[in-house]
Structures are given as structure tokens and as C-alpha cells.
Amino acid sequence: MTYEWLGLTGKVAAVTGAGSGIGRAVALNFAQAGAVPVLLDRNADAMDQVAQEIQALGITPQVISMDVSDPESVRQAASLAGTVDILVNNAGMSRPGAMDQVSFEDWTALLAVNMNGYFLCSQAFGAGMLEQGSGALVHIASISGRNPQGQSGSYSVGKAGVLMLSQQLALEWGPRGVRSNTVSPGLVRTPMTEAYYNVGDVAERRDKAVPIGRVAQPDDIAQVVMFLASKRAGYVNGADVTTDGGFELTLMSSVPRPGYDSK
Ligand SMILES: NC(=O)c1ccc[n+]([C@@H]2O[C@H](COP(=O)([O-])OP(=O)(O)OC[C@H]3O[C@@H](n4cnc5c(N)ncnc54)[C@H](O)[C@@H]3O)[C@@H](O)[C@H]2O)c1
């Protein structure tokens, strides 16, 4: 695939959670587009593997072990990376739990990574963008940010926070040359969710639940990130791109409607 149209050659693109799943795919796509990825993750071994894959494409990435939930670690990572052109906030985790039972510790731990981490990285990596008067932030949100799900703990709350964080940044930093947008994936098969797909016929049922007939691969999300990060999306600011194969449109399909039930 050629990415010339995007004009990303030579751009420096920081990606959090680059060691796995969507973050790995984003970093690899940036390298294919001629950008230089800065890999950020707390899992150094996973990043080393991704770095090798990127080197095989002829690009040498920067690799920085860090924890997005730790302000000092984020500050150090941003200082090591220097000024970047693009930041993809992606590092996240899940801590399931029902609302009447989820512990404050789990609640706080998830928000520290999935929401505070996005804020900390935006501020630390955004500083250089604001100074140079140009840059692009792309945050991986989720359709969970507007659709509650049982046993989700603080996950949906954190994603709702990310959607507004991005709009807040778009409003405040747009006039200073820095755009901020979100991508909201639906169901994506990654190491985070893999365990579900290995149970019985879940993989098949999940594929069927999506109007285009399949769950997403990390690459499906990465390609939308590429566009939003590029100058081709230069007039897109404060937007959310739902990237779910139409899954979010299926609400009315669950309503029993005798004589008109669709499959
Ligand atoms: N998989 C899905 O179905 C799905 C759907 C919608 C949104 N998302 C979102 O996409 C993003 C990536 O998810 P994924 O499915 O690729 O997950 P993943 O578990 O495959 O990868 C997450 C990466 O983030 C890193 N990470 C976690 N906490 C960190 C921290 N504190 N500091 C630094 N790195 C940290 C992990 O080490 C891992 O490499 C997350 O924000 C997730 O919420 C995923």
C-alpha cells in the first residue's frame, strides 16, 4: 500500500501503547507512510518486537519505556522524544466490574491510564507542537464512550471523558495550529480482547453482530488514524470518526417486531 497521498514522510509520530494491538498497527502504518514512529509503552519487550518489525521497513523508530499514568514518566518521555508532529493517544486497559461492586482502586486505576494518561501526554507532547505552531493529536476513544455496557467499570466513563478532552483541546489549541480528533472503534480483535474470541462461537457471533460482517482488525483503525494525523485532514478539528463497521447502528435491530423481524 502506498501512503504518498497523506504527505506523512519525515513526520515524527509518537504513539502510546505501541507495543500491542491498535498501537502497534498505528506505529507500523506510520513507518509504511515514511513517518518516524516514537514507540511509547510500559512493556519494553513488546516494543522491542515492534521496533524490529519497523526496522525491517527501513525506518528506525525511537523506543521509550514509560507509564502514561505517571506525570514524571510522561514528562521524561516527552523530553527524550523532543518535538513531535503527531501524538496518538492509545494506551489503555480494561478493569471490568459492576457499578455496585467496582472498587475505588480499580475505578481510579483505569481512569489514571485511559483518561488522565491521555491528558498528561497531550499536555507534555503538545507543548512542542504549540511552540512550533503545528501538530495533530489523534485519540483512540470508543463507541463505549456513548454506549454504556454492563460490568464495564469505569471504561465507558473514561472513554466519554476522552471524547470531551479531545473537543476541549480542539477548541483551545486549534487557533494555535494544533488539531485534535478522536477515532471511536467498535469491536476490534486485539490482545486486550482476544480471550473473549477464544470462547465457543463468540468470534462468529461477534462477526455477525456487525453490519459489514466482521469484527475489525487493528489495521482498520490504524488507517483512519493515518488520515486524521495527516494534512489531508487539515480542516478536521474536534471530530470523532466512528470506525465500527456500522455496529453502533444496530440498536433498533434488537426490538422484536412481529412480521418485520430482520435477521
Ligand atoms: N480492542 C478493542 O475492541 C477496542 C475497542 C475500542 C477501543 N479500544 C481502545 O484502543 C486502545 C488500544 O487497545 P488495544 O485493544 O490495542 O489493547 P492492547 O492491550 O492490545 O494494547 C494496549 C497497549 O497499551 C499499553 N499500556 C497499557 N497501560 C499502559 C500505561 N499505563 N503506560 C504505557 N503503556 C500502557 C500496553 O502495554 C499495551 O501494549 C485502548 O485505548 C482501548 O481502550 C479497543
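In this predicted model, A27 touches V15, A18, P37, L39, V50, I54 and P61, leaving aside residues up to four places away in sequence. A27 is also one of the residues that touch the most other members of the largest nonpolar core.

**Largest nonpolar core**
- The largest nonpolar core holds 65 residues.
- The residues touching the most other members of this core are A13, A14, V15, A27, L39 and V225.
- Helix 4 supplies the largest share of this core, with 9 residues.

**Helix 1 and helix 2**
- Helix 1 spans residues 21-32 and helix 2 spans residues 44-55.
- Their axes come within 10 Å and cross at roughly 20°.
- Angles under 35 degrees count as roughly parallel, and helix 1 and helix 2 are therefore roughly parallel to each other.
- The crossing of helix 1 past helix 2 is right-handed.
- On the helix 1 side, R24, A27, L28 and A31 take part in the contact, and they meet V50, E53 and I54 of helix 2.
- This contact of helix 1 with helix 2 comprises 5 nonpolar residues, no polar residues and 2 charged residues.
- Two residues of helix 2 in this contact, V50 and I54, are also among the residues that A27 touches.

**Helix 3 and helix 4**
- Helix 3 covers residues 71-81, and helix 4 covers residues 104-132.
- The axes of helix 3 and helix 4 come within 9 Å, with a crossing angle of roughly 30°.
- By the cut-off of under 35 degrees, helix 3 and helix 4 are therefore roughly parallel to each other.
- Helix 3 passes helix 4 in a crossing that is right-handed.
- From helix 3, the residues P71, V74, R75 and A78 meet L120, C121, A124 and F125 from helix 4.
- The contact of helix 3 with helix 4 includes 7 nonpolar residues and 1 charged residue, with no polar residues.

**Surroundings of T9**
- T9 is located in the segment before strand 1, which runs over 12-16.
- T9 counts as exposed because it has 11 C-beta neighbours inside 10 Å, and the cut-off for exposed is 12 or fewer.
- T9 touches G34 and A35, with residues up to four places away in sequence not counted.
- Q32 is 23 residues from T9 along the chain, and the C-alpha atoms of T9 and Q32 are separated by 9.2 Å.

How values were computed:
Residues are numbered from 1 along each chain as its sequence is written. This is a predicted model: local features need pLDDT of at least 70, side-chain atom pairs count only at pLDDT 80 or more; totals for chains, interfaces and linings use all residues. Axes are lines fitted to C-alpha atoms, for helices over the stretch in contact, and angles run from 0 to 180 degrees between N-to-C directions. Helices (H or I, at least four residues) and strands (E, at least two) are DSSP runs, numbered from the N terminus. Angles under 35 degrees count as roughly parallel, over 145 as roughly antiparallel, 65 to 115 as roughly perpendicular and the rest as oblique. A crossing is left-handed if the near helix is turned anticlockwise from the far one by less than a right angle, and right-handed if clockwise. Two residues are in contact if their C-beta atoms, placed from the backbone, lie within 7 Å. Ala, Val, Leu, Ile, Met, Phe, Trp, Tyr, Cys and Pro count as nonpolar, Asp, Glu, Lys and Arg as charged, and the others, Gly among them, as polar. A nonpolar core is a set of buried Ala, Val, Leu, Ile, Met, Phe, Trp, Tyr and Cys residues joined through C-beta atoms within 7 Å. A residue is buried if 20 or more other C-beta atoms lie within 10 Å of its own, exposed if 12 or fewer, and partly exposed in between; C-beta atoms are placed from the backbone.
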